[in-house]
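Subject: Structure handover and notes

Dear colleague,

I am passing on the structure below, and after it you will find my notes on what came out of going through it. Please read them with the structure open beside you.

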Amino acid sequence: MKNELEKHITEALISLGIEVTKGVVVERPADSTHGDWSSTVALAYAKQAKKAPLALGESLVAILKEKNIQHVKDISLLHPGFINITLTSEYYTERIKDILLKGKEGEVSGEFKGKRVMVEYTDPNPFKVFHIGHLMNNTIGESIACLMSAGGADVVRANYQGDVGLHVAKAIWGMRQSRPAFPEDTDDLKTKMTFVSNAYAYGASQYESDEQAKKDIDAINKEVYTRENEDINVYYDKGRAWSLEHFEEVYALLGTKFDIYYFESEVATKGVEIVRKHIGTVFEESNGAVIYRGEKNGLHTRVFINSQGLPTYDGKDIGLTWRKEETDPSDISVVVSAEEQKEYYKVLVSAIREIDPAISEKMRHVTHGMMQGPDGTKLSSRKGTALTGESLIEEVEELVWEKLRERDMSEEDKREVMQAVSVGAVKYSILRSKTSSNIAFDFDKSISFEGDSGPYLQYTAVRARSVLDKAGSQFLADATPVFEEVGKALYLLLDKFEEVVVRSQRELEPHHIATYAIELASAFNAFYANTPILNVPETPSRLALVHAVELVLTHSLSLLGIRVPKKM
RNA sequence: GCCCUUGUAGUUAAAUGGAUAUAACCACCCCGUCCUAAGGGGUUAUUGUGGGUUCGAUUCCUGCCGAGGGCACCA
């Protein structure tokens with residue numbers, strides 16, 4: 001509809017002999033009494049037309065009315081020169097029919113039709129805990145992947161895990177130091193992971209304070225790459241396997257399924273190879289290391305191969321980039337990471353551009369902020385201990401469990417609801433603000449189950465579903481959309497869904513969906529509170545509307561990676 | 001020092017250059033209603049600050065102030 005109106009207004013301007021140089025703005029007015037659509041062209045082109053905005057507006061309105069544009073009910077002019085357009089109720093009825101046909105999943109736009117898009121996200125490191133940064137990264141990445149899918153893209157979800165590097169050596173060193181406590185194969189995963197992450201923490205601190213430990217760890221680091229030390233291999237293989245198994249549990253909880261896993265261990269050699277091949281052209285040697293001088297492009301210098309001959313993160317990322325090309329070439333390659341890697345990434349892309357511009361062209365970097373405590377402090381649990389991604393969700397689960405106590409539900413259903421709601425609450429608290437900003441996370445505020453929250457959205461969808469269930473399948477089949485003034489806000493919002501999705505897709509910003517979902521849910525709850533749905537003459541049309549809301553709300557939530565439980 | 005990000009009610013957030021800056025939380029008050037009260041309704045703003053561009057600026061440019069991140073062998 002928007003494009004349609006833009007086209008007609010452009011034509012109207014041209015017919016008045018005005019050259020359309022600044023584009024044509026058609027938007028939804030903030031105030032619904034100003035019509036369904038509004039254009040500011042009369043204001044924007046008044047000077048160029050050498051007419052007063054109102055005079056120009058009048059001529060435009062006359063021409064537009066003359067055109068008898070389909071679905072347009074009324075066109076009016078308002079001071080100081082806004083052209084306001086109202087659509088017919090048939091238009092909205094048609095839109096509801098479209099939504100009912102489409103359902104709650106599938107493509108929303110053709111933004112990425114025919115494109116293969118790889119989204120790399122989460123990227124936790126084996127031997128280290130899955131911390132809240134990974135949780136945030138996973139939440140944003142998953143949502144972006146969903147958005148790309150909804151845009152018609154063929155999406156590949158990729159996860160790149162750091163199974164070699166100094167952090168691994170630190171963990172192995174720590175594991176060897178605490179050899180007697182080494183878990184048995186029969187121990188549960190939690191015990192194993194506690195052992196590994198403690199070993200890492202110990203190794204990391206000793207690396208800083210103990211000269212000998214630092215030497216030993218550096219030596220281990222080399223052996224991890226060469227795999228020539230049998231004893232090291234044992235620790236390495238077990239620690240790595242446990243970590244990966246643990247991560248899978250977390251992914252299952254969060255509802256992510258990766259298509260492909262990359263490991264630093266598989267890309268290291270390739271990275272070194274490619275970097276070495278371009279010494280003298282792209283890279284240069286300096287103090288025994290191989291570096292890239294970013295200053296030539298307004299950036300900073302970074303080391304790609306260190307003086308021990310081992311690839312740094314940067315060097316491995318070069319290897320990863322080419323490995324992606326070989327295993328799963330895509331048209332667009334999105335990487336989600338924390339903001340602290342933003343500048344680093346620019347250097348990486350700059351180096352890649354010098355090697356192969358075609359590859360750098362398709363790379364997109366989405367950066368997100370950090371999750372912090374209330375006053376920008378480091379986030380800790382309610383008990384004051386350090387938080388991991390998992391323990392955060394566990395704490396929220398406890399809160400949800402409290403709420404569920406009074407519900408009449410089977411134990412099994414409660415568990416199901418508890419998981420969906422707590423994951424939804426955490427995800428929503430991340431996705432409600434734009435990705436670049438830090439999240440001030442406060443248990444009492446962020447994890448609310450009321451108002452601007454994930455559970456509010458889930459609850460609204462469940463409620464709508466419940467009305468439909470009460471209506472029964474036969475009744476629902478009779479549902480026929482007919483525009484009613486009481487549901488106006490809902491019709492407008494439902495019509496807006498596609499635009500919001502397109503914007504989120506273009507900007508790689510899930511939070512637009514989150515804001516939209518709240519608007520829709522809130523409008524629905526107001527409608528629900530004031531309008532009887534069942535057992536009234538208007539029931540067939542209202543059921544159609546409720547059904548459309550339920551579909552779009554569920555769809556919005558699925559784009560955020562949040563699922564709707566059967567009941568709440 | 002240089003580069004990037006950021007500054008909006010008490011708090012947390014929203015607003016492709018548009019009309020009266022949008023919500024939620026908190027606080028107080030009201031609604032037990034048939035369809036799920038995790039709900040609905042009601043009561044609070046010099047958009048950090050000084051300039052500029054524009055018919056119009058929270059949005060773009062710029063000076064200053066504050067916060068976060070990055071800047072050679074960590075990831």
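I begin with strand E11, where E11 and strand E12 (residues 363-368) pair in the parallel sense over six bridges, and where valine 336 has valine 366 of E12 as its bridge partner. Please keep in mind throughout that this is a predicted model. E11 also pairs with strand E5 (residues 116-120), again in the parallel sense and over four bridges, and in that pairing valine 117 stands opposite isoleucine 332 of E11. Strand E11 itself, which covers residues 332-338, is mostly covered, with five of its seven residues buried.

As to the confidence of the prediction, chain A averages a pLDDT of 91, and 97% of its residues score at least 70, while the model as a whole scores ipTM 0.93 and pTM 0.93.

Chain A contains 21 helices and 14 strands, and its C-alpha trace spans about 85 × 65 × 40 Å along the principal axes. Of its 568 residues, 42% count as buried. If one takes the contacts in chain A between residues at least 6 apart in sequence, 74% of them join residues at least 24 apart.

The nonpolar core

The largest nonpolar core has 148 residues, and the members that touch the most other members are Val119, Ile172, Leu494, Leu520, Val549 and Leu553. Helix H21 (residues 539-559) gives this core its largest share, namely 11 residues. In soluble globular proteins, nonpolar side chains tend to be buried together.

For valine 119, once residues up to four places away in sequence are set aside, the residues touched are Gly141, Ile144, Ala145, Met148, Val155, Arg157, Ala158 and Val334.

Alanine 464 lies in helix H18 (residues 454-477). Is alanine 464 buried or exposed? Alanine 464 has 26 other C-beta atoms within 10 Å, and because a residue counts as buried at 20 or more, alanine 464 is buried. With residues up to four places away in sequence again left out, alanine 464 touches Phe524, Val546, Val549, Glu550 and Leu553. Leucine 553 is 89 residues away from alanine 464 along the chain, yet the C-alpha atoms of the two are separated by 9.6 Å.

A pair of helices

Helix H6 (residues 132-150) packs with helix H16 (residues 411-431) at an angle of about 80°, and their axes are 10 Å apart; H6 and H16 are therefore roughly perpendicular to each other. On the H6 side the contact is made by Met136, Thr139, Ile140 and Ser143, and on the H16 side by Lys427, Ile430 and Leu431.

Two antiparallel sheets

There is an open sheet of four strands, in which the order is E1-E2-E4-E3 and the pairing is antiparallel. Strand E1 (26-27) and strand E3 (72-78) stand at the edges and have a single partner strand each, so one side of each is left without a neighbour in the sheet. Helix H4 (residues 53-67) packs on this sheet, where H4 touches E3 and E4, and the direction of H4 makes about 170° with that of E3. E3 and strand E4 (residues 82-87) run antiparallel and are joined by six bridges, with isoleucine 75 standing opposite isoleucine 85 in E4.

A further open sheet is formed by three strands in the order E8-E9-E10, also with antiparallel pairing. Here E8 and E10 are the edge strands, each with a single partner strand, so one side of each is left without a neighbour in the sheet. From one strand to the next the twist averages 50°.

Strand E8 (residues 284-286) pairs with strand E9 (residues 289-292) over three antiparallel bridges, and glutamate 285 stands opposite valine 290 in E9. The hairpin of E8 and E9 has two residues between the strands, and in this hairpin asparagine 287 takes a positive phi near 50°. E9 is in turn joined by three bridges to strand E10 (residues 302-305), the two running antiparallel, and isoleucine 291 stands opposite valine 303 in E10.

With best regards

Notes:
Residues numbered from 1 in each chain as written. Chains lettered and ligands numbered in written order. Core = buried A, V, L, I, M, F, W, Y, C linked by C-beta atoms within 7 Å. Buried ≥ 20, exposed ≤ 12 C-beta atoms within 10 Å, placed from the backbone. Contact = placed C-beta atoms within 7 Å. Pairing = 2+ DSSP bridges. Axes fitted to C-alpha atoms, helices over the stretch in contact; angles between N-to-C directions. pLDDT = per-residue confidence, 0-100. Parallel < 35°, antiparallel > 145°, perpendicular 65-115°, else oblique.
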